[in-house]
Each structure stands twice: as structure tokens, then as C-alpha cells.
Amino acid sequence: MKSEARAVYRLTLYVAGQSPRSLNAIANLKTLCEAHLNGRHTIKVIDLQRHPAKAAEHQILALPTLVRKLPAPVRKILGDLSDTAKVLVSLDLA
């Protein structure tokens, strides 16, 4: 079993307010984490409409963007996270 299988995933989702894409990304991320990372993840949601300086600070160019900070290496996934298979591969969970 890969060490990532037991690792705690630290995820940050950057969104733009309550837009449909943002709400879909939040819902999709929660569903994915419950199914594949139950009890092994933290999720932080940052609304760039409320905190615009964080976009430059964290090099976010498109929204929504999911950033996996742990386990290393850092990975960024763009979009509403509706393509579960693609997200699982990107997070090294597939």
C-alpha cells in the first residue's frame, strides 16, 4: 500500500463567492473527500472575492482552483471538480 493511502490530505479550495461553479466545486470536493479520504483530510475554502490579495499571494490564476498542499508535492486542479476520475488521478488517489 502506498504511503499516500494513509496520509492526511491538506486541501485548499479557492472560489469566487457563491457562483454556481464555486458551489459545485465545494459540493464535489466534499463528496469526493467523504468517499475517498474519510477522516484523512482537511479542507479550507478561500473566497477570493472577500480576500482578493490571496490570489497573487498563492499564485491562483483561475477559479475554482483546488490546491493539495499535503502530501507533497503541491498539486493544483482547476475547475468545478465534477470529473471525479480526473480529480482522483490528480490527487494520486486512483
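Let's start with the strands: β1 and β3 run antiparallel and are joined by five bridges. Two strands pair, by the rule used here, if DSSP finds at least two bridges between them. Helices (H or I, at least four residues) and strands (E, at least two) are DSSP runs, numbered from the N terminus.

A quick word on the model. It is a predicted one, where local features need pLDDT of at least 70 and side-chain atom pairs count only at pLDDT 80 or more, while totals for chains, interfaces and linings use all residues. Residues are numbered from 1 along each chain as its sequence is written, and side-chain values use heavy atoms, with hydrogens and water left out.

Back to the strands. Leu11 has Arg68 as its bridge partner in β3. On to β4, residues 75-78: four bridges pair this strand with β3, again in the antiparallel sense. One of the pairs is Leu66 with Ile77 in β4. A hairpin of four residues links β3 to β4.

Now look at Thr65. It sits in strand β3. Is Thr65 buried or exposed? Thr65 counts as buried, because its relative accessibility is 2%. Buried means under 20% relative accessible area, exposed over 50%, partly exposed in between (1.4 Å probe, protein chains only). Its C-alpha atom is 5.6 Å from that of Ile77, twelve residues apart along the chain. Contact means heavy atoms within 4.5 Å.

Thr12 belongs to strand β1. It is buried too, with a relative accessible area of 3%. Its contacts, beyond four places in sequence, include Lys44, Ile46 and Val67.

Next, helix α1, residues 20-36. Why does its length make sense? At 1.5 Å a residue, its 17 residues should span 24 Å, and the end C-alpha atoms are 24 Å apart, so the two agree. The expected span is 1.5 Å times one less than the number of residues. Which residues of α1 are buried? They are Ser22, Ala25, Ile26, Leu29, Leu32 and Cys33. These cover an arc of only 135° around the axis, so they lie on the same side of α1. That arc is taken from the directions from the helix axis to the C-beta atoms. Pro20, Thr31, Glu34 and Ala35 are exposed on the other side. The buried residues pack against β1 (9-15), β2 (41-47), β3 (65-70) and α3 (84-90).

That leads to the cores. A nonpolar core is a set of buried Ala, Val, Leu, Ile, Met, Phe, Trp, Tyr and Cys residues joined through side-chain atoms within 4.5 Å. The largest has 17 residues, and Leu11, Leu13, Leu29, Leu66, Leu81 and Leu91 touch the most other members. α1 gives the largest share of this core, five residues. A second, separate core of six residues includes Tyr14, Ile46, Leu48 and Ile60.

Last, some backbone details. Most residues other than glycine have a negative phi, and most peptide bonds are trans. The bond from Leu63 to Pro64 is cis, with omega near -10°. Another cis peptide bond joins Leu70 and Pro71, with omega about -5°. Leu81 is not a glycine, yet has a positive phi of about 65°. Leu81 is found in the loop between β4 and α3.
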